[in-house]
Amino acid sequence: MMKGARKVAKNKFYITTPIYYSNSEPHIGTAYCTVVADTFARYYRLRDYDVFFLTGLDEHGPKLARSAEERGYTPKEFVDMMAEKFIKTWERIGITNDDFIRTTQERHEIVVQRVFQKLYEKGYLYKGSYAGWYCTPCETYWGEDELKEGKCPNCERPVEWLEEETYYFKLSLFSEPLLKYIEEHPEFVFPESRRNEVISFIKQGLKDISATRSTVKWGVLVPFDPKHTVYVWFDALINYISALGYLREDNERFDRYWPADIHLIGKDILRFHAVIWPAILMALDLPLPKTILAHGFWTIKGGKISKSKGNRVDPHELMDLYGVDALRYFLLREVPLGLDGEYSESSFHRRYQSDLANDLGNLLNRVITVTEKYTEGKVPEPSLHGERERELLDIIENSIKKVESSMENLNPASALTSIWEIVQSANRYIDQSAPWNLEKMGKRDLLNTVIYTLLETLRKLSILLYPFIPDTAEKIQEQLGYKDKQFAWDLLWNAKIPVGQRVQKGKVLFPKVDIKEEKEETSLVNINDFQKLDLRVAKVLSARKIENSDKLLLLEIDLGFEKRQIVAGIAQFYSPEELIGKKIIVIANLEPAKIKGYLSYGMLLAGKDEKGNLSILTVDKDLSPGAKVS
Ligand code: MSP
């Protein structure tokens, strides 16, 4: 009995993603985190670990309630609708989560309440009042000294002043124990730069934090004082144990999987995970997760991709054009985990074309073609290996070891680099061995060996690729003639492709995609194209003529979330005075440009008829600045 239990514990692997706010649809940032977690989960399953992979949604709090209201839904209707979208997207990307937790589920709410009751009874919560700043988009409390030019230092949007009764959590008690723990466990926060960030934050001294809201209705009721709801971040963090059944009767999963091996998160939510969450766990006398792994941001021209900036990259669009595995491959390969990654259509296209279509796709295609041509489409019997075969086998062996250590060191990008060493070596091997010449020279034995070696290399590649680009891995095995798929790490060593197995040519793995042509062919736009434009209502605060120009006006506008300057070519149609106070419509995510030496960030919309009359677009009824136009 004991023995069995120990074996399970040794081989388990529990990985989580953050639970995403469901007020906006999945985007490349959330897809990234989920794909990385999925890759680890698939990898450890191949390695025969008992894996539990959790993802889900953060559905409470004022931000969600407001988003629902703005769209005319009740919060419940809204989160149910959005959950569908997330689930469908993850299915399409091949995410193999074992559970999907939603904070509005009863199974979660019960645990949150029990945790709160426990913390209260143990004396970690006390009543007080909070007066200070709050950023609703980030659901974060900020001190006056932390604000950046009066705005949220994280998302740079306006903060709100709060004054309300609250229960505080005694975070201040945990400065010393946390520091000690982090010092004794160097693997607790990764990468190291983030670990240092956490240490210096704790060293400044931790203050008690507000853990409940008495002015927010959309949340979990505090069991000992139901005027309050649980602060959304406390509610959310608890998902990592509620999904396992902590403090519930059905807590078998909790015993089996806790503590988590990896909490994968983005760098912006590090403090919640590496400071507040471990403090809560310490207060509950629970062991801490092994590693908090913080990844970087995807950026466009250096700025974070985010809905609020209107530069969202839609994963569905990329999958429509390039396929699921191209998306997974790009996200995993382009940057080492932990660093920021710059996204551009051209870098995506380049990866697709060179690594996937040219290197991998061609390799498979060439190998299947020579097998069909020279050995009647069957796996031939190899004879003795020569120098070249040994060289290739050495490279494969070495690369496998590197893949293992890269995964151990939390670097899937470098694991892929090692796999591509095999792909490239196999392409070289085929060029150097030139099977087409061996046939002519009558070197049958050698020809059989070359073809066998290539097929066997592809079999190994399919296993190695499975955690990263599973669809492709399956297609490779299909073309190699496998009816039942063979995915397990030990098959890298303990199996060989069966002699006599019939290969099967299939569709080209990565067909040519011409982005330019795609765009030029069509004059219709679809709804996704339209949604790329961030159209907003803006109020004109000031306007003046630009010197030496009779066409241009310089406008200062209020976009709700920020003030901007735009240059508009309307001076012949409007005087500056008549524009002040008007509510206009602007494209808020137009690339900034310099016009006559003035920075213009955004463009107002106006109509012009054939007679040359111009009229700017305004709103029919009053709308607040920043209102989205769709
Ligand atoms: N709901 C909280 C998490 C609670 S976990 C107990 C939350 N949600 S979020 O939807 O705003 O963000 C989820 C994750 O997406 C964060 O880890 C964040 O870093 C990540 N990303 C959002 N935009 C991103 C990029 N542009 N690039 C990479 N990831 C980024 O925070």
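This is a predicted model: local features need pLDDT of at least 70, side-chain atom pairs count only at pLDDT 80 or more; totals for chains, interfaces and linings use all residues.

Trainee: What makes β4 and β5 a pair?

Mentor: Strands (E, at least two residues) are DSSP runs, numbered from the N terminus, as are helices (H or I, at least four). Two strands pair if DSSP finds at least two bridges between them. Three bridges join β4 to β5 (residues 140-142), and the strands run antiparallel. In this pairing, C135 stands opposite T140 of β5.

Trainee: How do you know that β4 pairs with β6?

Mentor: Strand β4 (residues 125-135) and strand β6 (residues 160-169) are antiparallel and share 10 bridges.

Trainee: Why is V159 called buried?

Mentor: Buried means under 20% relative accessible area, exposed over 50%, and partly exposed in between (1.4 Å probe, protein chains only). V159 has 13% relative accessibility, so V159 counts as buried. V159 sits in the loop between β5 and β6.

Trainee: Which residues is V159 in contact with?

Mentor: Contact means heavy atoms within 4.5 Å. Leaving aside neighbours within four places in sequence, the contacts of V159 include W133, Y134, C135 and W142.

Trainee: How do you know that the span of helix α14 agrees with its number of residues?

Mentor: The expected span is 1.5 Å times one less than the number of residues. Helix α14 (residues 345-374) has 30 residues and should span 44 Å; its end C-alpha atoms are 40 Å apart, which agrees. There is also a kink of about 35° in α14, centred on N362. Here the bend at a residue is the angle between axes fitted to the seven residues ending there and the seven starting there.

Trainee: What makes a nonpolar core?

Mentor: Such a core is a set of buried Ala, Val, Leu, Ile, Met, Phe, Trp, Tyr and Cys residues joined through side-chain atoms within 4.5 Å. The largest has 101 residues, and W420 is among those that touch the most other members. Helix α2 (residues 28-46) gives this core its largest share, 12 residues.

Definitions and conventions:
Residues are numbered from 1 along each chain as its sequence is written. Side-chain values use heavy atoms; hydrogens and water are left out.
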